[in-house]
Amino acid sequence: MTNTTRLTVAQALVRFLAQQWTERDGVEHRLIAGCVGIFGHGNVAGIGQALAEQGAGTHDPLPYYLARNEQAMVHTAAGYARQSDRLSTLACTSSIGPGATNMVTGAALATINRLPVLLLPGDLFATRVASPVLQELEDPRSYDVSVNDCLRPVSRFWDRVNRPEQLPAALLGAMRVLTDPAETGAVTLALPQDVQAEAYDWPEELFARRVWHVARPVPEPAALARAAELLRGSRRPLIVAGGGVKYSGACAELARFAGRHGVPVAETQAGKGAVPYDHPCAVGAIGHTGTRAADTLARETDLVIGIGTRYSDFTTASRTLFRQARFLNVNVAAFDAAKHAAETLVADAREALKALDDVDWRADPDWTSRAAELAAAWQAETDRFYGGTELTQPVVLGVLNEVAAGGVVVNAAGSMPGDLHRLWRASDPGQYHVEYGYSCMGYEIAGGLGVKLAAPEREVFVLVGDGSYLMMAQEIATAVQEGVKLVVVLVDNQGFASIGALSESVGALRLGTAYRKRGPSGRLDGERLPVDLAANAASLGADVLTAADPQTLRAALAKAVASPRTTVVYVETVPGPAPGAEAWWDVPVAEVSGLAEARAARERYDEAKRDQRPYL
Ligand SMILES: Cc1ncc(C[n+]2csc(CCOP(=O)(O)OP(=O)(O)O)c2C)c(N)n1
Ligand SMILES: [Mg+2]
């Protein structure tokens, strides 16, 4: 007879989660380091009661963090997971209905960025005795559907626990996907509100300490031989380093491989910082938001060595960037490795780099030295952008880059990701955290909170635009509640600088991209909005400092760093020189229009489109 313990489904789940660990390279981490949540009738008596029973203070196995918005709490979990190289994450508990659907955006962000997050939405009564309950969708075609089904396409594992007996298998399936580097993403366990509170006699083994070994698959010998052949045939290779390099902890191996074989290293948004910016082979950002150095080399390379990248359109400049290259893709996920008709090495990045390092081969020395010259020229250009006297956005970034050495910069949407990608100097892989898989406005503060929870020893600098801030600023209150210190740099340019410029370039006349009152013309071109974002930040409990020029910005940042409290540094930027695109991005333009601007834009579009090709 196995010993059993009688607990509710929610109590069993909480007890189980507290016993899950990951292990890689002999080092163990808590898989689920805590639970972020917002309670409602769909989870308060289940998960809420179970967390209360275990205590749920910060010293308990599963600390509980109260968030302000369910989307934000998933961002917090994603930020946590990314900063932890995916070895640790947070669970998110929500009520049924709106609390659950608020998590859909966060789930998509996590899945697209290949980041593990565990979502625990409440769900309708399994017994359906009281249907329709408050917030029930009521699909006339099927009583089996609830709003939680919205989470299916954005989850890598999705299950609904309709009976207590289903819980153990659901939990094991969920943990397997969270810890599988190739499959990971959002994992959803929908928990009917009655089932959460139901008691069951659980076998005690369910609550035993369990260690999930995070695999480092090694390359298949035949695939390695094919890869070696490709390397030996290449004179002008270029590495495209993606987030997978960082998650694998392969940065030192990458730096060594690049140096020994003379291969320039370009970086995606997720991969930025994989090699230090001043490494002899570093050529910086690649793609639409790339440096002139990397994008020039990309046009000339004969072999793209993609490592841990999903090749978004920003990276390939919508398939216009690489003109004469073959692809060799190292990726732990076969799905990503196979992109662009590549020769594939389906393997852990670190293991693959170690194996490739043994190939006796070097890039053409002229290619290697040209890359270094181009990179040096880009560094000089960065100095110029950083060195202005007015508070343009690049100047703000330059001052912050100086102050933030050793800290982490967090950003996601707007015009800053492009400037950061091109200009920011990262000296170690943990310093750069720009969420550009989903580029989700509102990620910044909530994600930054997760980064700080995962890396409390680091100063976390959240860069947020006024548009993004207005979408999701409320987690400042959560940071204040938790005594988790963030430095938030709030960059106000009265609207959507990024989409404003894009709108103009596609003949859409900047419609609706500036924050202005409706004016006499009937358009949104009236007076400036009297919105006081600095006062707003103060009202959420943050200290607020204002900067008006590079000197006061430097002083404000120094003060924010010295302070133990969450501080918002409010900056109004002025328009000024910023690095432009070195490569295209495909945003379709109206094929017919009464506007001359749109017709001109379409002509430019048609011409650029000619460079687009399938990579076969
Ligand atoms: C949730 C969400 N909605 C819409 C967009 C499209 N979008 C991208 S950037 C942007 C404007 C961002 O404004 P702000 O944060 O002020 O940054 P700025 O462009 O001014 O630098 C918009 C609307 C998005 N990325 N995310
Ligand atoms: Mg803005």
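This is a predicted model: local features need pLDDT of at least 70, side-chain atom pairs count only at pLDDT 80 or more; totals for chains, interfaces and linings use all residues.
I began with H3 and H5: H3 passes H5 in a right-handed crossing. Residues are numbered from 1 along each chain as its sequence is written, chains are lettered from A and ligands numbered from 1 in the order written, and side-chain values use heavy atoms, without hydrogens and water.

**Entry 1: H3 on H5**

I noted how elements are named: helices (H or I, at least four residues) and strands (E, at least two) are DSSP runs, numbered from the N terminus. I looked up the axes of H3 and H5 (residues 103-112): they come within 7 Å and cross at roughly 20 degrees. That makes H3 roughly parallel to H5. The label covers angles under 35 degrees; over 145 is roughly antiparallel, 65 to 115 roughly perpendicular, and the rest oblique. Axes are lines fitted to C-alpha atoms, for helices over the stretch in contact, and angles run from 0 to 180 degrees between N-to-C directions.

Next I listed the residues that meet (contact is heavy atoms within 4.5 Å). From H3 I have Glu70, Gln71, Met73, Val74, His75 and Ala78; from H5, Met103, Thr105, Gly106, Ala107 and Leu109. I sorted the residues of this contact into six nonpolar, four polar and one charged. My classes: Ala, Val, Leu, Ile, Met, Phe, Trp, Tyr, Cys and Pro are nonpolar, Asp, Glu, Lys and Arg are charged, and the others, Gly among them, are polar.

**Entry 2: H1 on H6**

I then checked H1 (residues 9-17) against H6 (residues 167-179). They pack at an angle of about 35 degrees, with axes 11 Å apart. Their crossing is right-handed. H1 brings Val9, Ala12, Leu13, Phe16 and Leu17, and H6 brings Leu167, Leu171, Leu172 and Met175. I count nine nonpolar residues in this contact, no polar and no charged.

**Entry 3: the six-stranded sheet**

I traced an open sheet in the order S14-S13-S12-S15-S16-S17, with parallel pairing. S14 (282-285) and S17 are the edge strands, each pairing on one side only. Two strands pair if DSSP finds at least two bridges between them. Three bridges join S13 (residues 265-267) to S14. I found Val265 opposite Ala282 in S14. H10 (residues 251-261) lies across S12 (237-241), S13 and S15 (303-307), running at about 170 degrees to S12.

Most residues other than glycine have a negative phi, and most peptide bonds are trans. I looked for exceptions. Asp85 has a positive phi of about 50 degrees and is not a glycine. Asp85 sits in the loop between H3 (70-83) and S6 (89-94). Ala341, also not a glycine, has a positive phi of about 50 degrees. I placed Ala341 in the loop between H13 (334-337) and S17 (343-346).

How exposed are they? Asp85 is partly exposed at 27% relative accessibility, and Ala341 is partly exposed at 43%. Buried means under 20% relative accessible area, exposed over 50%, partly exposed in between (1.4 Å probe, protein chains only).

The peptide bond from Ser131 to Pro132 is cis, with omega near -5 degrees. Pro132 is in the loop between S7 and S8.

**Entry 4: Ser146**

I found Ser146 in the loop between S7 (117-123) and S8 (157-160). Ser146 is buried, at 5% relative accessible area. Leaving aside neighbours within four places in sequence, I list Asp123, Leu124, Leu137 and Arg160 in contact with Ser146.

Note on methods. A crossing is left-handed if the near helix is turned anticlockwise from the far one by less than a right angle, and right-handed if clockwise.
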